[in-house]
Amino acid sequence: MNNANSQQKKKTILTYVYATIIGLLIVACAVVIAVTTRNSSTGMNNGSVNVSTNSYIVPMRDYTIQKDYSGSELQYNDTLKQWEIHKAIDFSAGENSDVMAVADGTVSNVYTNYLEGTVVEITHANGVISIYKSLAEDSVAVSTGDSVSAGTVIGQASDSMAQELNNGAHLHFEMTVNGVKVDPNDYLSLGDK
């Protein structure tokens with residue numbers, strides 16, 4: 001008899017624990033849905049600010065968009081042989097194609113690493129930073145602290161970005177607003193792509 005009571009108590013406790021866990025999961029899902037809905041209805045969009053597209057130029061004169069920005073859609077990376085989200089625009093270009101600053105600003109970082117190649121970051125007004133990856137290391141014409149104007153040549157496109165090596169010579173271009181990656185298409189006037 002004691003054994004039957006003990007088994008019944010265990011079942012009751014397990015039922016209570018499972019019900020509690022399911023209840024907590026339902027509450028967590030409701031909170032996530034409420035926050036997402038609130039952010040959508042109040043116009044919060046991952047850090048974007050109202051910035052006129054007229055104040056930004058395209059970073060290359062002659063280009064083809066090799067791979068566009070994907071907010072949540074997976075794109076295939078032929079170099080790494082994997083599907084991934086691509087939060088940048090890849091501008092395909094011939095070797096030694098000039099890359100220009102997209103707006104007035106200050107060069108906030110210049111560095112080289114194996115995966116990204118040679119990189120220049122430029123800080124602009126309103127918390128906007130433009131990031132230029134896969135530059136030819138010996139072509140970089142700016143240094144940290146330099147002031148640049150829209151159209152200033154900062155370097156040349158190359159194949160220095162190891163994680164996109166199969167793309168050939170190109171510019172991997174990213175933008176952030178207040179530290180959050182944003183779609184450069186919202187800032188550049190690219191016309192029909």
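**View 1. Glutamine 75 in strand E2.** Glutamine 75 sits in strand E2, residues 74–77, of a predicted model. Strands (E, at least two residues) and helices (H or I, at least four) are DSSP runs, numbered from the N terminus. Glutamine 75 has a relative accessible area of 18% and is therefore buried (under 20%; exposed is over 50%, partly exposed in between; 1.4 Å probe, protein chains only). A polar atom of its side chain lies 2.8 Å from the backbone oxygen of aspartate 68. The side chains of glutamine 75 and serine 70 make a polar contact at 3.5 Å (a pair of N or O atoms within 3.5 Å; within protein, one able to donate a hydrogen and the other to accept it; residues adjacent in sequence count only if both atoms are side-chain atoms). Leaving out residues up to four places away in sequence, glutamine 75 touches residues including Tyr69, Trp83 and His86 (contact: heavy atoms within 4.5 Å).

**View 2. Aspartate 90 in strand E4.** Strand E4, residues 89–92, holds aspartate 90. Its relative accessibility is 0%, so aspartate 90 counts as buried. Two side-chain partners stand out in this view. Histidine 172 makes a polar contact of 2.8 Å with the aspartate 90 side chain. The side chain of asparagine 167 makes another, at 3.3 Å. Aspartate 90 and asparagine 167 are 77 residues apart along the chain, yet their C-alpha atoms are separated by 8.8 Å. Beyond four places in sequence, aspartate 90 also touches Thr64, Ile65 and Leu171, among others.

**View 3. The largest pocket.** The volume is about 170 Å³. A pocket is an open set of points on a 1 Å grid over the protein atoms alone, where a 1.4 Å probe fits, with protein on both sides within 12 Å along at least five of seven lines; lining residues have an atom within 4 Å of a point. Grid points are joined across faces, edges and corners, and the volume is the space filled by probe spheres set on the points. The lining has 14 residues; Ile85, His86, Gln163, His172 and Glu174 lie nearest the centre. Strands E3 (82–85) and E11 (170–177) each supply at least two lining residues. The lining comprises four nonpolar, four polar and six charged residues.

**View 4. The chain around these sites.** One helix and twelve strands make up its elements. Of its 193 residues, 35% count as buried.

**Conventions.** Residues are numbered from 1 along each chain as its sequence is written. Local features need pLDDT of at least 70 and side-chain atom pairs 80 or more, while totals for chains, interfaces and linings use all residues; side-chain values use heavy atoms, without hydrogens or water.

Technical notes
Ala, Val, Leu, Ile, Met, Phe, Trp, Tyr, Cys and Pro count as nonpolar, Asp, Glu, Lys and Arg as charged, and the others, Gly among them, as polar.
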